[in-house]
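Q: Can you walk me through this one? I'd like the fold, then some side-chain detail.
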Amino acid sequence: MRQAIGYTGERFYLVGPQPLLHEASVMLAGLGFRPRHFETAAAFLNAAARLTAAGVLIALDPDQGTGDIATIAARKAAQFVIVQTATADVPFTVAAVHQGAVDILVQPCHRDALIQAIRAGRQQRAALSAHNPGVSRFHRLSDRERDVLDGLAAGLTNKAIALDLGISHRTVEVHRARLMRKLGVASLPEALEIAFSHRRSRHGAPCRMAGQIASLDSPPLAERSKVH
């Protein structure tokens, strides 16, 4: 199989039932990636803090909603998130994109569509970093530091964050000092602005799917919409 992307040896994470992701795994290996499979989102999230950053492909059942897209997309281990699903109507697609998915692939997964999605993910990440250096610095944070920053952004005190995360007040203070150093800021408002900018970039940045949502409204979809 010809090499199409040229990132030989990079990790790529697949999340979901293995039979559904077998074809994608074979294609990723053929493109030079090293696929690693996680049977559930919970399994990926439990391991995320120890993983190197890489692309993520998650298989979802549209009848069960958009699942853990936002939670996975927020992890440092996820450079970008692609969703694979059996069908993709407009509500599902819009919800998935708003939660951080860069593209939606409808089964069976085709090689060219997978390549396009990977390229879109890389381009979006590069564009976000170039547009906002603070957002780029956000990716230096560990998962626990992001959890602490999320708590601060929600208006919680250090003690409340400690209680929520099940760690000590002192540990929260250490994480807070480290995240501010990594973000290159001297005050909490500066750190919060980067956190809010990151959220806006994840949910408001243009992606390849934006121009395709309308095209999903095929006659079968229109007929299904009338039923619901």
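A: A definition to start: two strands pair if DSSP finds at least two bridges between them. Helices (H or I, at least four residues) and strands (E, at least two) are DSSP runs, numbered from the N terminus. With that, the bridge partner of I82 is D103 in β5.

Q: What kind of model is this, and how are residues numbered?
A: This is a predicted model: local features need pLDDT of at least 70, side-chain atom pairs count only at pLDDT 80 or more, and totals for chains, interfaces and linings use all residues. Residues are numbered from 1 along each chain as its sequence is written, and side-chain values use heavy atoms, with hydrogens and water left out.

Q: How many helices and strands in the protein chain?
A: The protein chain has 11 helices and five strands.

Q: What order do the strands take in the sheet?
A: The order is β2-β1-β3-β4-β5. The sheet is open, and the pairing is parallel. β2 and β5 are the edge strands, each pairing on one side only. From one strand to the next, the twist averages 25°. Angles run from 0 to 180 degrees between N-to-C directions, with axes as lines fitted to C-alpha atoms, for helices over the stretch in contact.

Q: Which helices pack on it?
A: Among them is α1 (residues 18–30), touching β1, β2, β3 and β4. The direction of α1 makes about 165° with that of β1. α4 also packs on the sheet, touching β3, β4 and β5, and its direction makes about 145° with that of β5. Contact here means heavy atoms within 4.5 Å.

Q: Back to β4. Buried or exposed?
A: Mostly covered: eight of the eight residues of β4 (residues 78–85) are buried. Buried means under 20% relative accessible area, exposed over 50%, partly exposed in between (1.4 Å probe, protein chains only).

Q: And which strands does β4 pair with?
A: β3 (residues 54–60) pairs with β4 in the parallel sense over seven bridges. V56 has V81 of β4 as its bridge partner. β4 also pairs with β5 (residues 101–106), again parallel, over five bridges. From β4 the chain crosses through α4 (residues 90–98) to β5, a right-handed β-α-β crossover. Right-handed means that, with the strands pointing away from the viewer, the path from the first strand over the helix to the second runs clockwise.

Q: Switching to aromatics. How many pairs turn up?
A: Five aromatic pairs in the whole structure. Rings of Phe, Tyr and Trp (its six-membered ring) pair if their centres lie within 6.5 Å; planes under 30 degrees apart count as stacked, over 60 as edge-to-face and the rest as tilted. One of the pairs is Y13 with F38, edge-to-face at 6.0 Å centre to centre and 65° between the planes.

Q: What does that pair tie together?
A: Y13 lies in β1 (residues 11–15) and F38 in β2 (residues 34–38), so the pair ties together parts 25 residues apart in sequence. Y13 is buried at 1% relative accessible area, and F38 is buried at 6%.

Q: Why is the Y13–F44 pair called tilted?
A: Because the ring centres of Y13 and F44 are 5.7 Å apart and the planes are at 55°. F44 sits in helix α2 (residues 41–47), so this pair with Y13 of β1 ties together parts 31 residues apart in sequence. F44 is buried, at 0% relative accessibility.

Q: Which residues form an aromatic cluster?
A: F12, F33 and F80 form one.

Q: Last one: how much of the protein chain is buried?
A: Of its 228 residues, 43% count as buried.
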